[in-house]
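Hello,

Here is the structure I promised to pass on to you. Have a look at it first, and then read on for what turned up when I went through it.

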Amino acid sequence: MDRLRDKIVPVTTLLVILVVAWYAFAVLLNSPFQRDLDRRAGETPGTVEFIGKTLTQTKPTLPSPDQVATNFFENTFLRKITSNRSLIYHSWVTLSSTLLGFAFGTVLGIVIAVGIVHVTTLDRSLMPWIIASQTIPILAVAPMIIVVLAAVGITGLIPKALISTYLSFFPVAVGMVKGLRSPELMHLDLMHTYNASRSQTFWKLRMPASVPFLFTSMKVAVAASLVGAIVGELPTGAVAGIGAKLLAAAYYSQSIDMWSALVAGSVVAALLVVAVGIVGRFVERSMGGRPA
Amino acid sequence: MSIMIPEPKQVAGMSEVKNPVIEARKLGLTFQTNDGPVQALANVDLTIGKGEFVSFIGPSGCGKTTLLRVIADLEKPTSGSMLVNGMTAEKAREARAYGYVFQAAALFPWRTISGNVALPLEIMGVSKAEQAERIKRTLDLVNLSGFEKKYPWQLSGGMQQRASIARALAFDADLLLMDEPFGALDEIVRDHLNEQLLELWARTEKTICFVTHSIPEAVYLSTRIVVMSPRPGRVTDVIESTLPKERPLDIRETPEFLAIAARVRDGLRAGHSYED
């Protein structure tokens with residue numbers, strides 16, 4: 001009951017408001033073109049007929065929610081997975097480079113954090129560069145990475161994954177620096193009284209203490225990885241992937257296809273974030289976390 | 001009626017302590033802070049013998065915790081010397097000469113109780129079989145048998161602190177340093193733990209240094225009470241307890257107990273501890 005009142009009702013209300021607003025904007029934005037069409041055809045439809053027409057254009061400025069939903073449903077469930085119209089196929093292509101890049105990024109982020117926490121020189125020198133790296137627009141960097149790697153003979157999945165890595169290592173590095181520094185002074189003093197070595201303090205105290213921070217930052221990183229993978233598909237002339245699908249649809253003004261590719265992207269992002277969250281909760285539970 | 005209490009010996013018996021475990025000579029420690037230097041300890045001379053139970057008492061800021069941390073080599077003195085088991089405090093720490101119990105239990109939340117007790121043993125490279133045996137023995141000693149698989153949050157505050165005492169005992173150091181270990185617990189739990197601590201001390205014959213700001217706790221537990229005063233942190237009196245080794249809780253109502261408590265209070269007053 002509480003769940004109904006606290007979660008479901010507010011979320012549903014907001015959803016309904018959004019859908020209504022979406023329809024309103026669809027009518028509003030598609031009507032100039034529709035009026036143009038009607039004028040040339042010499043038709044004078046009534047208001048209801050006119051609104052119906054604005055919501056059923058083949059290349060609308062803003063497709064209506066039901067058009068996007070139908071397109072998404074058809075291209076997800078009614079196509080063969082191997083078909084290049086299947087959103088599952090495109091999602092899988094993007095997902096594979098997302099996951100590879102995310103894995104690289106997580107490892108890289110952890111390695112950088114360990115370095116920063118243990119080496120004073122790195123602490124002073126590395127952080128400004130890491131922050132600067134994220135201020136460079138990824139859209140500008142992506143083609144360069146692809147071109148440079150292609151010149152040394154690396155093509156295919158790896159270059160795309162590296163763009164995901166570029167975006168995903170950052171939250172992990174920042175979160176892990178905080179996590180590895182999170183042990184209380186008392187715990188560090190305790191290790192000191194045992195005359196524990198640095199590596200013992202790291203493995204028995206710093207690493208386990210950082211796990212909650214790791215999973216929080218991995219949630220951000222996995223979403224960033226997906227953005228990286230999609231962006232990586234745009235300038236590379238990729239023929240498959242959500243990014244390629246978006247680009248092709250935009251090129252041919254197939255706005256409905258574009259929107260349903262967008263929906264596919266958000267569904268993948270949501271699934272990834274939820275998956276990381278579930279793994280995180282499982283790990284924390286196995287580390288004696290108090291059940292919430 | 002008259003109660004026989006020996007006169008306070010000035011800077012109690014440096015010479016007659018046998019088998020000294022802790023020897024502080026002209027010990028001083030000055031912290032450099034933004035507001036200028038703060039003298040946390042000045043001119044501390046103290047000898048603690050094997051098997052003694054020594055309490056350090058005084059108001060906050062008197063340096064009692066700092067003194068304990070110097071013994072533990074968690075702070076370095078800026079003048080004088082500190083010997084533990086006849087070696088420098090640093091060498092003694094490296095030789096794992098002592099177990100330290102903090103104000104809070106400081107258990108690792110991701111380890112079970114037995115995992116927490118195993119922590120120092122793992123670090124010191126004790127074999128798995130030996131670990132299991134010692135975990136069992138020390139948890140027995142603090143009456144926590146049966147809680148091996150529990151996580152810290154599943155235990156009460158008093159039980160957590162007992163687990164942290166077990167952890168400090170696990171590697172068989174002869175010296176136990178305790179920094180207000182029961183300060184955060186309610187009085188009923190504290191009484192109970194005091195009783196258990198005395199029992200444990202009698203059974204293990206360890207040397208215990210115990211920081212507290214409770215006069216009854218200090219008198220009840222100790223063979224010697226070191227009274228300290230702030231600004232600068234120093235030892236103002238050292239009181240030998242005349243209480244027998246066997247101490248039921250109601251010993252605290254005896255005239256002898258009250259007389260010692262009164263002397264501790266006098267010592268604190270003489271050190272201006274009650275002034276603002």
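How many residues of chain B are in contact with chain A? Before the answer, please keep in mind that this is a predicted model. The count is 18 residues on chain B, and they meet 15 residues of chain A. On the chain B side, helix 2 (89-94) and helix 3 (113-123) each supply at least two of the touching residues. Helix 3 of chain B gives the most, with three residues. Sorted by class, the side of chain B that touches chain A has 14 nonpolar residues, three charged ones and one polar one.

Why does His187(A) count as buried? Because it has 20 C-beta neighbours inside 10 Å, and 20 is where the cut-off for buried begins. Leaving aside residues up to four places away in sequence, His187(A) touches Leu205(A) and, in the other chain, Ala106(B). As for distances along chain A, His187(A) and Ala269(A) are 82 residues apart in the chain, and their C-alpha atoms are separated by 38 Å.

Next, the nonpolar cores. The largest has 85 residues, and those touching the most other members are Ile71(B), Ala166(B), Leu177(B), Cys209(B), Val226(B) and Val264(B). Helix 5 (residues 157-169) of chain B brings the largest share of this core, six residues.

Finally, some strands of chain B. Strand 1 (residues 20-33) of chain B pairs with strand 2 (residues 36-49) of chain B in the antiparallel sense, over 10 bridges. A hairpin of two residues joins strand 1 of chain B to strand 2 of chain B, and Leu29(B) has Leu41(B), in strand 2, as its bridge partner. Strand 1 of chain B also pairs with strand 4 (residues 79-84) of chain B, antiparallel as well, over five bridges. There, Arg25(B) has Ser81(B) of strand 4 as its bridge partner.

Note on methods. Residues are numbered from 1 along each chain as its sequence is written. Chains are lettered from A and ligands numbered from 1 in the order in which they are written. This is a predicted model: local features need pLDDT of at least 70, side-chain atom pairs count only at pLDDT 80 or more; totals for chains, interfaces and linings use all residues. Two residues are in contact if their C-beta atoms, placed from the backbone, lie within 7 Å. Helices (H or I, at least four residues) and strands (E, at least two) are DSSP runs, numbered from the N terminus. Ala, Val, Leu, Ile, Met, Phe, Trp, Tyr, Cys and Pro count as nonpolar, Asp, Glu, Lys and Arg as charged, and the others, Gly among them, as polar. A nonpolar core is a set of buried Ala, Val, Leu, Ile, Met, Phe, Trp, Tyr and Cys residues joined through C-beta atoms within 7 Å. A residue is buried if 20 or more other C-beta atoms lie within 10 Å of its own, exposed if 12 or fewer, and partly exposed in between; C-beta atoms are placed from the backbone. Two strands pair if DSSP finds at least two bridges between them.
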